[in-house]
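This briefing goes through the packing of helices on sheets, the pairing of strands, and the contacts between domains and chains. The model comes first, then the points by topic.

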Amino acid sequence: MRLRSPFEGPWSTPKDPYDIKTGEWRSQRPITKVEKCRQCGWCYIFCPSGCIEEKEYYFTANLEYCKGCGTCSKVCPAKAIMLIREEV
Amino acid sequence: MTEAKGIGGVKILDGNRAAAYGILLSRPDIITSYPITPQTPLLETLYRFQADGLLDAEMVETEGENTSMSILLGASAAGGRTFTATSSQGLSFMNDAYLQAAGNRFPIVMVIAMREQVTPHGVVAGQQDAVSVKDHGWIQLYTESCQEILDSIIMAYRLAEDEEVLLPVNVCYEGFYLSHNSQRVEVPEQEEVDEFLAPLKHMKRQKFTLEEPTIFSSYTVPGELYTEYRFKACAAQQRAKQKWDQIDKAFGEKFGRSYGGQIEAYRAEDAEVVIVTMGCSTGTAKVVVDKKRDQGVKVGLIKIKMFRPSPKERLMEALSGKKAIGVIDRNVCFGWNCGHNFLELKTLLSDLHTPLPLLLDFIGGLGGCDITNRDVERVIDRTMAAAKGEPQQTVTWLSLE
């Protein structure tokens with residue numbers, strides 16, 4: 001029997017979420033132009049999925065969870081985030 | 001902590017009040033309440049217990065049954081011992097939360113004071129509300145007397161919170177016949193119940209806490225993981241069967257009362273034919289079985305106590321070698337033109353050795369009708385006639401003849 005969850009029911013931990021990878025829903029992906037990013041953190045605050053991660057010199061989306069809504073690109077004052085279509 | 005000392009002894013209680021004593025003695029952390037006939041006096045009694053300083057539980061008056069169950073989902077996730085009660089449309093109104101309780105494996109205990117389900121409308125006894133949710137993942141226990149209600153609630157907590165089970169449990173009893181009729185009830189002492197439930201303190205249980213936050217009711221993909229949780233819930237239901245037999249036995253050793261576990265076989269061992277009952281009509285049927293036995297008729301009775309999970313193995317053992325079986329169903333299965341227990345037994349008959357027993361269904365007691373001694377006599381006579389080879393109608397609607 002191939003069982004993988006340590007839980008009896010649909011439970012998971014924030015570290016090890018046995019749940020949906022919403023990145024699979026995406027039709028477009030945000031790309032951060034690293035040199036333009038001022039690290040203001042607006043994308044981090046506004047992202048509805050809460051999937052923006054802070055790197056050493058810039059912010060960028062975790063593509064496992066990013067649904068591609070484009071909010072980060074819209075709110076970015078430095079126009080550092082562009083959206084490109086996902087290839088099917 | 002308020003101590004409910006000195007509440008034991010023999011009392012005259014109706015089913016609702018007997019249930020309330022069972023809950024009081026089980027020391028729940030949180031109780032949610034929304035009134036619906038015929039369970040309302042149960043929740044009223046719990047409020048009385050709280051006002052009298054006997055019951056130390058958080059009591060929440062909700063705006064509907066859906067909230068009642070939803071609050072318990074959270075409380076149970078946090079590790080609390082929880083209780084609520086409902087009937088009929090109240091059960092329907094909480095349906096999505098009811099499903100979540102089982103899916104999340106929350107060991108909630110809930111009473112269903114059974115009432116006919118709409119429509120036609122009727123504030124009358126029946127079993128249609130509870131049997132309609134038989135495959136919603138809960139364990140369902142059906143009771144025969146006020147004493148059995150009290151005892152079953154205490155045992156229900158022991159079953160639900162067992163680390164090998166962790167499933168919600170319904171304790172079901174017919175409205176009015178049990179909920180509002182008074183009987184002699186022995187109320188156990190608090191210390192004895194504390195001892196009986198003590199093993200649960202050491203049981204493992206997933207808990208949602210601020211220190212160790214978890215996600216529950218997760219949106220679950222891929223399908224293999226979804227399948228895994230369904231598999232685990234089905235496996236837990238199967239484990240609950242033997243566990244219930246053990247709990248019933250342990251209860252008997254401690255309190256001197258036990259109910260046969262998943263099913264009770266009454267004068268059935270040497271019987272040629274048996275009748276199968278569930279709920280309060282069992283008491284009437286036992287009296288008629290005794291009468292028929294005195295007349296030399298070899299009839300016995302099987303009471304289904306645990307309806308979900310299906311007590312398949314125990315039933316097969318008890319029904320094996322019988323010539324005919326007469327099922328009394330206080331509910332209907334619309335799609336099959338019969339009652340639910342008839343359908344259940346029909347399913348397991350094929351696993352018995354040939355010659356297979358003949359199976360007859362008798363639908364009675366709907367809409368608050370009585371299942372009378374005379375009705376049970378008709379059931380036994382016809383089942384006996386079928387055993388002797390006389391052709392009989394498969395499904396009989398008792399009150400329409």
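Helix H10 (residues 281-294) of chain B lies across E10, strand E11 (273-277), strand E12 (299-304) and strand E14 (324-329) of chain B, and runs at about 165 degrees to E12(B). Helix H12 (residues 340-349) of chain B lies across E11, E12, E14 and E15 of chain B, at about 150 degrees to E14(B). Helices (H or I, at least four residues) and strands (E, at least two) are DSSP runs, numbered from the N terminus. Axes are lines fitted to C-alpha atoms, for helices over the stretch in contact, and angles run from 0 to 180 degrees between N-to-C directions.

This is a predicted model, in which local features need pLDDT of at least 70 and side-chain atom pairs count only at pLDDT 80 or more, while totals for chains, interfaces and linings use all residues. Residues are numbered from 1 along each chain as its sequence is written, and chains are lettered from A and ligands numbered from 1 in the order in which they are written.

**Six-stranded sheet of chain B**

- The strand order of this open sheet of six strands is E10-E12-E11-E14-E15-E16, with mixed pairing; two strands pair if DSSP finds at least two bridges between them.
- Strand E10 (263-266) and strand E16 (395-397) of chain B are at the edges with a single partner strand each, so one side of each has no neighbour in the sheet.
- From one strand to the next, the twist averages 20 degrees.
- Strand E15 (residues 358-363) of chain B pairs with E16(B) in the parallel sense over three bridges, and Ile363(B) stands opposite Trp397(B) in E16(B).

**Packing of H10 and H13 in chain B**

- H10(B) packs on helix H13 (residues 373-387) of chain B at an angle of about 55 degrees, with the axes 9 Å apart.
- H10(B) and H13(B) are therefore oblique to each other; angles under 35 degrees count as roughly parallel, over 145 as roughly antiparallel, 65 to 115 as roughly perpendicular and the rest as oblique.
- The two helices H10(B) and H13(B) have a right-handed crossing; a crossing is left-handed if the near helix is turned anticlockwise from the far one by less than a right angle, and right-handed if clockwise.
- From H10(B), Thr284(B), Ala285(B), Val287(B), Val288(B) and Lys292(B) meet Asn373(B), Val376(B), Glu377(B) and Ile380(B) of H13(B); residues are in contact if their C-beta atoms, placed from the backbone, lie within 7 Å.
- This contact of H10(B) with H13(B) has five nonpolar, two polar and two charged residues; Ala, Val, Leu, Ile, Met, Phe, Trp, Tyr, Cys and Pro count as nonpolar, Asp, Glu, Lys and Arg as charged, and the others, Gly among them, as polar.

**Packing of H1 and H2 in chain B**

- Helix H1 (residues 15-26) and helix H2 (residues 40-51) of chain B pack at about 45 degrees with their axes 8 Å apart, and are therefore oblique to each other.
- H1(B) passes H2(B) in a right-handed crossing.
- Residues making the contact include Ala20(B), Ile23(B) and Leu24(B) of H1(B) and Leu42(B), Leu46(B) and Phe49(B) of H2(B).
- Eight nonpolar, two polar and one charged residues make up the contact of H1(B) with H2(B).

**Seven-stranded sheet of chain B**

- An open sheet of seven strands runs E3-E2-E4-E5-E7-E6-E13, with mixed pairing.
- Strand E3 (58-61) and strand E13 (306-308) of chain B are its edges, each with a single partner strand, so one side of each is left without a neighbour in the sheet.
- Strand E2 (residues 30-33) and strand E4 (residues 82-86) of chain B run parallel and are joined by two bridges, with Phe83(B) in E4(B) as the bridge partner of Ile31(B).

**Domains of chain B**

- Chain B is assigned domain 1 (9-255) and domain 2 (263-400); the bounds come from an automatic or database domain assignment.
- The domain centres, taken over C-alpha atoms, are 28 Å apart.
- In the contact, 25 residues of domain 1 meet 19 residues of domain 2.
- H9(B) gives the largest share of the domain 1 side, five residues.

**Contact between chains A and B**

- Chain B contributes 18 residues and chain A 15 residues.
- Strand E9 (215-216) and helix H9 (223-255) of chain B each supply at least two residues of the chain B side, and H9(B) gives the most, with four residues.
- Strand E1 (residues 11-12) of chain A pairs with E9(B) in the antiparallel sense over two bridges, where Ile215(B) is the bridge partner of Ser12(A).

Methods
Two residues are in contact if their C-beta atoms, placed from the backbone, lie within 7 Å.
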